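Please open the model in a viewer and keep the sequence panel at hand.

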Amino acid sequence: MIQTLTPFEGWTEAPQSDELRLIPIGGLGEFGMNALVVHGPKGLVLVDCGQLFPSEDQPGIDKIVPDFAYVEAFADQVQAVLLTHGHEDHIGALPHFLRRWPVPVYGTAFTLALVAGKLKEAGIKEDLLHVIHDYDRVTLEGMGIEAEWIPVTHSLPDACALVMHTAQGPIIHSGDFKIDPNPVDGRLMGLKRLKELGDQGVRLLMADSTNILQAGRTPSEALCKAGLDDAFRKTEGALFMATFSSNVHRIQVLLDLAYEHGRQVVLLGRSMEKVVNLARGLGRLKLPDDFIIEPKHAPNNKRSELLILCTGSQGEPMSALMRVLRGEIKGLTMKEGDRLVLSSRAIPGNEVGISRMLDAAARLGADTTLDGIGTIHVSGHAYRGDLEELIQTVRPKHMVPVHGTYRNLKAHGQLAASLGYKPQAISLLDGGQCLRLFKGGKVKMAGTVPVGRDYVHEGVDHMVDARIVQDRLILQEDGVVFATLMVDPDTRERVGEPAILTRGFVVLSDDEAYGALLRGAVAKAYDEAPLEVRNDDTLLYELLRQALRRIIRKTTDTRPLVVSMVLEAPKE
Ligand SMILES: [Zn+2]
Ligand SMILES: [Zn+2]
């Protein structure tokens, strides 16, 4: 169970006739951006195609998607994309992939309804989408495999595990799941079918490691209903509930409670309205007709007859909830007697924004405490007990933990070991690491293929280079210093003093003494440069940049972005 990261020499050669390659190009060693390449001698499919949300150290980036370098090397072999479910970390990068490879996409109805919205925005034809139903099987001719979708319980409708019936035996990918014996929509996990497959013999299981570090069983959504009911009973004024718009099961629970407690519902946030309409249209969400009211009609209701269901649980500054707190939404205010409940988990990194938001709500008089209120959120991912049940149901020959940081994958491997799996039957893969399965049972860790992350800025149709993100971080930290130097076009002699301009730098541009110091350093570097450097723009710019960086670091201990320019003086 030791992880080695060596390059896979010869990865550009197609798989052998008895070989199947499994290559996670995202989602392993990290959370998010889930994408798995399944590559046989005749073709290649992608299982999920997710995005990663940028963090604060990626300023100005809208999303991060996998680098498809491996797929590019076999560009003419791409057959299809198979989707497990509709969360952004599984579908977010699809527009980028489909623009390059317009191949059929298979998934369940709710998953594809979410994808369709994305494709529409990206101007990609929706006829690539093929809706499948629970337990459907699809033959991928070009690939020589059959795919089968098995329902699993998760935090949104229509989530599935995927079985690929291959020449190397059945391979099962759990997708994101937990085992909820009492799901809100009554759609049970297909454990019976998984056991049947286990009886026949499963070659390999890839399972969700997100919550492996949690002992016991994942609590059912039913537990959450009791806690949320407390919040309804203990609130005299309007009740504000923030959750993820994709968490349709939670939304159903909240709508049911609102109905029972005689509160009408205001939906806030574009994605909340969109998902509620989609889910309702597909029969995945059930609510009475005159139950949802417009925000502007909220003042017609008593405060105690209002549930405001909104996005913004992560404290996002532009969310509808923040706009209510800033008094920007007509008809909707937060006041004394109201309550704000965040029915979701805090994504690591968002804690500061969330705390700022709760503080703003408290200032308006709302109750943000949870005293006397039970569980208001349960996870959609399997705890260790559920993962153990999955392994024992499927009894695969080989185990590959997926979805999670290395620590999670390792703990998941340890669980398999505790159930009697030998080290050679457990593979801990990192992003880009290729597992080769051969007919007859041989398994080989082949090393890594090129992988990485691509930065997307919506509205620009090419990727944002990583160096641009790096420059932005430097600008944010230490600002920028420009130096311009004028030279004689014939003799290359310096004409006058260099000019220095700064923005965001620790010393202002108009500081005369410091400006003179920098001008002197640039002039000296130029005057001492040999003629061949003066005649080569690239060498010259670098020389001046280095001279400036040195003096700035010595005098201020900062490392701003330094830009130097040499201009030829106009002839008299
Ligand atoms: Zn996920
Ligand atoms: Zn998910």
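Why does the arrangement of the four donor atoms around the zinc ion (ligand 2) count as irregular? The four donors subtend angles of 89 to 158° at this ion, which makes the arrangement irregular. For the tetrahedral class, all angles would have to lie between 85 and 135 degrees. Please bear in mind throughout that this is a predicted model.

**First stop: the zinc ion (ligand 2)**

Select the zinc ion (ligand 2) together with His 85, His 87, His 154 and Asp 176. These residues coordinate the ion through NE2 of His 85, ND1 of His 87, NE2 of His 154 and OD of Asp 176, at 2.1 to 2.3 Å. Along the sequence, the donor residues are spaced H-x1-H-x66-H-x21-D. Two of them, His 87 and His 154, link distant parts of the chain, being 67 residues apart. His 87 lies in the loop between strand S5 (78–82) and helix H2 (88–91), whereas His 154 lies in the loop between strand S9 (145–151) and strand S10 (160–166). Colouring by accessibility shows His 87 as buried, with a relative accessible area of 14%. His 154 is buried as well, at 6%.

**Second stop: the zinc ion (ligand 1)**

Asp 176 bridges the two zinc ions, which lie 3.5 Å apart. The zinc ion (ligand 1) is coordinated by Asp 89 (OD), His 90 (NE2) and Asp 176 (OD), at 2.1 to 2.2 Å. The spacing of these donors along the chain is D-H-x85-D. Is His 90 buried or exposed? His 90 is buried, with a relative accessible area of 0%. Asp 89, by contrast, counts as partly exposed at 22% relative accessibility.

The structure holds 34 salt bridges; a few of them are visited here. Side chains of opposite charge can pair when their charged atoms come close.

Select Asp 134 and Arg 187. The closest N and O atoms of this salt bridge are 2.8 Å apart. The two residues are 53 residues apart and link distant parts of the chain: Asp 134 is in the loop between strand S7 (129–131) and strand S8 (137–140), and Arg 187 is in the loop between strand S11 (169–173) and helix H5 (191–200). Asp 134 is partly exposed, with a relative accessible area of 29%, whereas Arg 187 counts as buried at 14%.

Because Arg 233 and Asp 229 are four residues apart in helix H6, about one helical turn separates them. Arg 233 is exposed, with a relative accessible area of 52%.

Now select Arg 303 and Asp 338, a salt bridge whose closest N and O atoms are 2.5 Å apart. Arg 303 lies in the loop between strand S15 (292–293) and strand S16 (306–310), and Asp 338 in the loop between helix H9 (320–325) and strand S17 (339–342), so the pair ties together parts that are 35 residues apart in sequence. Arg 303 is partly exposed, with a relative accessible area of 23%; Asp 338 counts as buried at 2%.

To finish this stop, select Arg 137, Glu 146, Glu 148, Arg 193 and Glu 196, which salt bridges with shared partners join into one network.

Select residues 406–418, which form helix H12. This helix of 13 residues reaches 18 Å from its first C-alpha to its last, close to the 18 Å expected at 1.5 Å a residue. Which residues of H12 are buried? They are Asn 408, Leu 409, Ala 411, His 412, Gly 413, Leu 415 and Ala 416. Their cover includes strand S12 (204–208), helix H11 (384–394) and strand S18 (398–402). Just after H12, Gly 420 takes a positive phi of about 105°.

**Last stop: the domains**

Finally, colour the chain by domain: domain 1 (19–216 + 380–456), domain 2 (221–363) and domain 3 (466–568). The centres of domain 1 and domain 3, taken over C-alpha atoms, are separated by 50 Å. Where these two domains are in contact, six residues of domain 1 meet five residues of domain 3.

Notes. Residues numbered from 1 in each chain as written. Chains lettered and ligands numbered in written order. Predicted model: local features only at pLDDT ≥ 70, side-chain atom pairs only at ≥ 80, totals over all residues. Heavy atoms only, no water. Donors = N, O, S within 2.8 Å, 3.2 Å for Na, K, Ca; no water. Tetrahedral: all angles 85-135°; square planar, octahedral: opposite > 155°, others 65-115°. Buried < 20%, exposed > 50% of the residue type's maximum accessible area, 1.4 Å probe, protein only. Salt bridge = Lys/Arg side-chain N within 4 Å of Asp/Glu carboxyl O. Expected span 1.5 Å × (residues − 1). Contact = heavy atoms within 4.5 Å. Domains from an automatic or database assignment.
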